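Hi,

Here is the structure I promised to pass on to you. Have a look at it first, and then read on for my notes.

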Amino acid sequence: MSNNLLKGKRGIIFGALDSNSIAWITAERVFEEGGTFVLTNAPVAMRMGQINELAKKTNATVIPADATSIEDLENLITKSMEILGGKLDFVLHSIGMSINVRKGKSYTDQNYDWTHKGLDVSAMSFHRVMQTLYKNDAMNEWGSIVALSYMAAQRVFPDYNDMADNKAFLESVARSFGYFFGKDKNVRVNTISQSPTPTTAGKGVKGFDGFIKYADKMSPLGNATAMDCANYTITLFSDLTKRVTLQNLYNDGGFSNMGVSDSIMDMIENS
Ligand SMILES: NC(=O)c1ccc[n+]([C@@H]2O[C@H](COP(=O)([O-])OP(=O)(O)OC[C@H]3O[C@@H](n4cnc5c(N)ncnc54)[C@H](O)[C@@H]3O)[C@@H](O)[C@H]2O)c1
């Protein structure tokens, strides 16, 4: 269903790896709402080739960019403005990666080279993207920038490992850069803190199956799906949320304000 909420708006969507990716589903929804965009991902992710399918469906151009490379980001942003015919109205940062998580290193036994890489890819990349947009004056007034986060930035989820620290950094960058983007360019910057979602990045976290079921049973509305996240992002890209900025917004079925639920109590009492 389309309400043309993004008609005439242009943007960049980072992080569509496959059809489960939150960015993939968001791109489909942005297209339905009338937005035009460039799709981007790390060159290594392009080799899988699936992004071209999405590009075809959504009339998008694909420009590879490693989010840890300023050179790649400069090229991406300049070319995107040329292709789309002007400055940008929205940007989605949907990027996350931890080698410690991937290789099963525990939080108490990190390989710091990997920790550093994960921070660079998952969090500092958001600063880098925004700094490149800012310096190139690439955002239209009243534009909107969104990154995706997780509640482990505030609360302990032991197996989320160093990604918890990366998300805390990411959310802080949203506030700090959001101040300058708001004051100087009338652009808003927010993070969405999303429920566990079965994607490549999500399923890479140890114990994900238990994790996602637990969150679902704790949340009065159940877990937010990737489609719910895409829809929330559409509202943040639209003109309906013009003065929402510097926020970390929970899209989690109510999980973040729960102590315990009947469903979890039943499980414990009957175990
Ligand atoms: N899946 C979940 O449970 C969940 C929950 C909350 C937040 N998030 C966040 O949502 C975002 C999207 O993840 P997803 O769940 O859709 O998984 P995903 O694996 O589909 O997406 C992660 C993306 O990051 C990209 N990426 C990795 N290194 C990169 C680099 N150097 N440069 C550019 N891109 C790079 C990957 O290629 C991939 O497309 C991430 O920030 C993730 O942390 C996910």
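This is a predicted model: local features need pLDDT of at least 70, side-chain atom pairs count only at pLDDT 80 or more; totals for chains, interfaces and linings use all residues.

First, the overall fold. The protein chain holds 11 helices and 7 strands. Its radius of gyration is 18 Å, close to the 18 Å that the globule rule gives for 271 residues, so the chain is as compact as a globular protein of that length. Along the principal axes, the C-alpha atoms fill a box of roughly 60 × 45 × 40 Å. Of the 271 residues, 46% are buried. If you look at contacts with a separation of 6 or more, 73% of them join residues 24 or more positions apart.

Next, the ligand. Which residues come nearest to the ligand? Of the 27 residues around it, they are Ser21, Gly96, Thr199, Ala201 and Gly202. Helix H1 (22-32), strand E5 (139-149) and helix H8 (200-203) each supply at least two residues of this shell, and H8 has the largest share, with 3 residues. By class, the shell is made up of 14 nonpolar, 12 polar and 1 charged residues.

Now the interior. In soluble globular proteins, nonpolar side chains tend to be buried together. The largest nonpolar core here has 58 residues, and those touching the most other members are Ile13, Ala16, Ala27 and Leu39. Helix H10 (residues 226-237) gives the most to this core, with 7 residues. A second, separate core has 9 residues, among them Met151, Ala153, Tyr160 and Val205.

Leaving aside residues up to four places away in sequence, alanine 16 touches Ser21, Ala23, Trp24, Ala27, Leu39, Asn41, Ile51 and Leu54.

Finally, valine 129. Not counting residues up to four places away in sequence, valine 129 touches Ala67, Leu73, Val91 and His93. Glycine 259 lies 130 residues from valine 129 along the chain, and their C-alpha atoms are separated by 36 Å.

Key. Residues are numbered from 1 along each chain as its sequence is written. A residue is near a molecule or strand if its C-beta atom, placed from the backbone, lies within 6 Å of it. Helices (H or I, at least four residues) and strands (E, at least two) are DSSP runs, numbered from the N terminus. Ala, Val, Leu, Ile, Met, Phe, Trp, Tyr, Cys and Pro count as nonpolar, Asp, Glu, Lys and Arg as charged, and the others, Gly among them, as polar. The radius of gyration is taken over C-alpha atoms; the globule rule is 2.2 Å times the number of residues to the power 0.38. A residue is buried if 20 or more other C-beta atoms lie within 10 Å of its own, exposed if 12 or fewer, and partly exposed in between; C-beta atoms are placed from the backbone. Two residues are in contact if their C-beta atoms, placed from the backbone, lie within 7 Å. A nonpolar core is a set of buried Ala, Val, Leu, Ile, Met, Phe, Trp, Tyr and Cys residues joined through C-beta atoms within 7 Å.
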